[in-house]
Amino acid sequence: MTTLAPPRARKTALTGLFLSVFLGMLDAQVVATALPRIAGEFGGTGAYAWVTTVYLLAGSATAPLYGKLGDVFGRKRVLLGALALFLLGSLACGLAPSAVFLVAGRVLQGAGSGGLFVSVGASLGEMFTPREGAKYFGWFSICFAVSSLAGPVVGGLLTGVAGWRSIFLVNLPLGLVALVCLMTLDLPRRRREAPFDFAGVVLLGVAITGFTLLTPWSAALGAASAVAFVFVERRAEAPVLPLRLFRDRTFSVSIGLSVLAGFAFLGSVNYIAVLLQADAGPAEGGLRLVPMTLAVAAASLVTSRVIARTGHYRWAPRLSMALGLLAVLGLPAILGCLVVFGVAAGLNMQVLAMATQNTAPSADRGAVAAGVNLARALGSALGPVALGVAYTAGTHGVFLALLPVLALGLATALALPHVPLNRQENLR
């Protein structure tokens, strides 16, 4: 296993890793408050509605590709390339002369962000033993929680003070700092000679796009592409997402749990915010979400510390789903249950990634990280669509729709095998 020898270099590299994740996640949230200004400048064209969607879509579709590239060519070079692409997209968005160019810039940004999330998680797996890395995965989760909370606030402030273009251009100095910090990463360079799985990459990208858009024709195309993807991957010499990984019960169960957790926790946040704002107005409604976000961060940090000390993790997703059920049953009437919901979300934010990294062969760490991130992204994309249908039936429809998802999640978590986190690197 490779570690960063000098402690100062290690801290510098970790700063670059977490700053990269923070920027990638922040840009998924920061645009929302600027959309009215963007629409006003570009004449209200409907293209601006894709500004958020294409970012998430491009990130989800490219995640498996980055995982495979990192496994073949080395994590550091792929991570630096993803960050450079993200910054290029940020510059294109900040200078966009029209809504079409803005959407194109967001595609570049999103394609870069997919590599940031996957490569950072896989890099932590290479830098530390599973037990040692558990606490750093906790900080990874905190970056997600803090950026989610800060996104709308930062977007509103920058848009009001310096215009909407500043929300993209501010990424450039921060991203350059991250690039400099990442240069201290000491990860193995590798070059495995193997044919690249272009067919698998294309089919998986089409399947992800189809399932994410969820129109009748796109869903049908996504299903057909998914079937073709399985057929191609079974015969590929170097598959982008090796199907043999699903023979590992830890991986297959974690994939299922990631979809359900993304649906229940990430997919429901927007509707919880809508309900709170309808009751108390935008300002107070936003403030009521703060305790939940802080609970996510606190639970992630405490969970990672406990797992790092004990090596046991199976309890976390089980408790997460159980608390989620408890919170949803009380959410319509008790706002304090938002804190319980936040704790439930934080309990499994990165636990599943840690579990799969622990049992995966070192050569497949990128593919494993990509699989978990992809599953969570698909769940979080399906959530708003399904909950939107439930919301039309009344405010309680959202919570009723979450109950079977969380119940299925609890049942799946109970089937999660336990392989104690290694104190040494898994060399399989």
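Predicted model: local features only at pLDDT ≥ 70, side-chain atom pairs only at ≥ 80, totals over all residues.
Buried means under 20% relative accessible area, exposed means over 50%, and partly exposed is whatever falls in between (1.4 Å probe, protein chains only). Residues are numbered from 1 along each chain as its sequence is written, and side-chain values use heavy atoms, with hydrogens and water left out.

**View A. Trp164 meets Phe168 edge-to-face.** Searching the whole structure turns up three aromatic pairs (ring centres of Phe, Tyr or Trp, the latter by its six-membered ring, within 6.5 Å; planes under 30 degrees apart are stacked, over 60 edge-to-face, the rest tilted). Here the centres sit 6.2 Å apart with the planes at 85°, so this one is edge-to-face. Both Trp164 and Phe168 are buried.

**View B. Phe246 and Phe251 make another edge-to-face pair.** Their ring centres are 5.0 Å apart and the planes meet at 75°. Phe251 is buried at 2% relative accessibility, while Phe246, at 36%, counts as partly exposed.

**View C. Arg235 sits over the face of Phe231.** The distance to the ring centre is 4.1 Å (the cut-offs for a charge over a ring: NZ of Lys or CZ of Arg within 6 Å of the centre and within 35 degrees of the ring normal).

**View D. Leu319 is partly exposed in helix H15.** Its relative accessible area is 38%. Helices here are DSSP runs (H or I, at least four residues), numbered from the N terminus.

Technical notes:
Helix = DSSP H or I, 4+ residues; strand = E, 2+ residues; numbered from the N terminus.
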